[in-house]
Amino acid sequence: MKYSVITPVYNRPEEVRELLESLTKQTYKNFEVIIIEDGSTLICEEVCKGFQEKLDLKYFFKPNSGQGFSRNYGFERALGDYFVQLDSDAIIPERYFEVVDNHLKNNWLDAYGGPDAAHESFTDVQKAINYSMTSVFTTGGIRGKKKNAGGQFHPRSFNFGISRKVWEETGGYTMTRMAEDIEFSIRILSKGFKVGLIEDAYIYHKRRTDFGQFFKQLHFFGRGRINLARIFPSELKLVHYFPMIFTLGVLSIPITFFIDKILFFIALFLLSLYMMMIVIDSAVHNKSLKIGLLSVIACFIQLMGYGFGFMQEKFWGEKKN
């Protein structure tokens, strides 16, 4: 089976270089790579030219339209039997396509998602961010699991494969941003396609390189969850409110000092206990106390960034839209 890698990119030539370099090392070779430059001002065309002899690679430049519609652009030009969406900030393990192909041969899926992990080359901040996005101590821990508190598993676009038939019957993305991948996953499921997680088909996902960028990303994710709920109200679960509740709870702690000092110290103790659990768990997982401490910052940003975006879109976004 031939696979088509579909990757939109916006102003990230060096990330594309790392992605392509990792793809040259794949043990399974029957795939093409389609890079869609989505109106970038810092283009990666020269980077792609450097890999033309190592990969079956096609490069396209188009006006900016956002990730969802750029993936559609790639689907329209793909020659493969199966389309694999990978983000430009990903490094792909050598056996990725071998794992996917073996799984699909033995347990066919019309669409699949895979988890993400931290590469040893990542900075301490990136490893802390990866921890927060996969930890049971945050809502990030419900991602990348066959069954989770958020309901049915929905593949995410950073590591998301679909058969050609899925593309032909769904028409791809109908939204280009704000939870467009979850909306696409829901429509795939609604048409009766078999969707699942391939647990061993993980990628190394860089995400953002600093906490400021990470906050902006999670703020956007929070807004996207409400945007999705306008289309599919039943997809807004109790767990999706947790970041908002956490954010309001943390912000209210100083106020409790003036209301009830006992309540203040109880809240402070519980918050400190939560932070300590994160430090210990992350330090053990990453074998680094420094990453454990950074993970506290990352977890607070993950929850509060999402919480602020969620509240902004829920209470003010619809009026503005």
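A179 is found in the loop between α6 (164-170) and α7, with helices (H or I, at least four residues) and strands (E, at least two) taken as DSSP runs numbered from the N terminus. The model is a predicted one, in which local features need pLDDT of at least 70, side-chain atom pairs count only at pLDDT 80 or more, and totals for chains, interfaces and linings use all residues. Residues are numbered from 1 along each chain as its sequence is written, and side-chain values use heavy atoms, with hydrogens and water left out.

Most residues other than glycine have a negative phi. A179, although not a glycine, has a positive phi of about 70°. With a relative accessibility of 13%, A179 counts as buried (under 20% relative accessible area; exposed is over 50% and partly exposed in between, with a 1.4 Å probe and protein chains only). N11 is not a glycine either, and its phi is positive at about 60°. This residue lies in the loop between β1 (3-9) and α1 (13-23), and N11 is partly exposed, its relative accessible area being 24%.

Helix α7 (residues 180-190) packs with helix α8 (residues 211-231) at an angle of about 35°, the axes lying 9 Å apart. Here axes are lines fitted to C-alpha atoms, for helices over the stretch in contact, and angles run from 0 to 180 degrees between N-to-C directions. I182, E183 and I186 of α7 meet R225, L228 and I231 of α8, where contact means heavy atoms within 4.5 Å.

Helix α7 also holds S185, which is buried, with a relative accessible area of 1%. A polar atom of the S185 side chain lies 2.9 Å from the backbone oxygen of P155. Neighbours within four places in sequence aside, S185 is in contact with H154, P155 and F160. Another buried residue is N130, at 7% relative accessibility, found in helix α5 (residues 124-134). Beyond its neighbours within four places in sequence, N130 is in contact with D116, A117 and A118.

Turning to α10 (residues 261-286), its 26 residues should span 38 Å at 1.5 Å a residue, and the end C-alpha atoms are 37 Å apart, which agrees; the expected span is 1.5 Å times one less than the number of residues. Buried residues in α10 include F264, L271, Y274 and I278. At the start of this helix, a side-chain oxygen of D260 reaches to within 3.0 Å of the backbone nitrogen of I262. Just after α10, K287 takes a positive phi of about 55°.

Terms used:
Polar contact = N/O pair within 3.5 Å; in protein donor to acceptor, adjacent residues only side chain to side chain.
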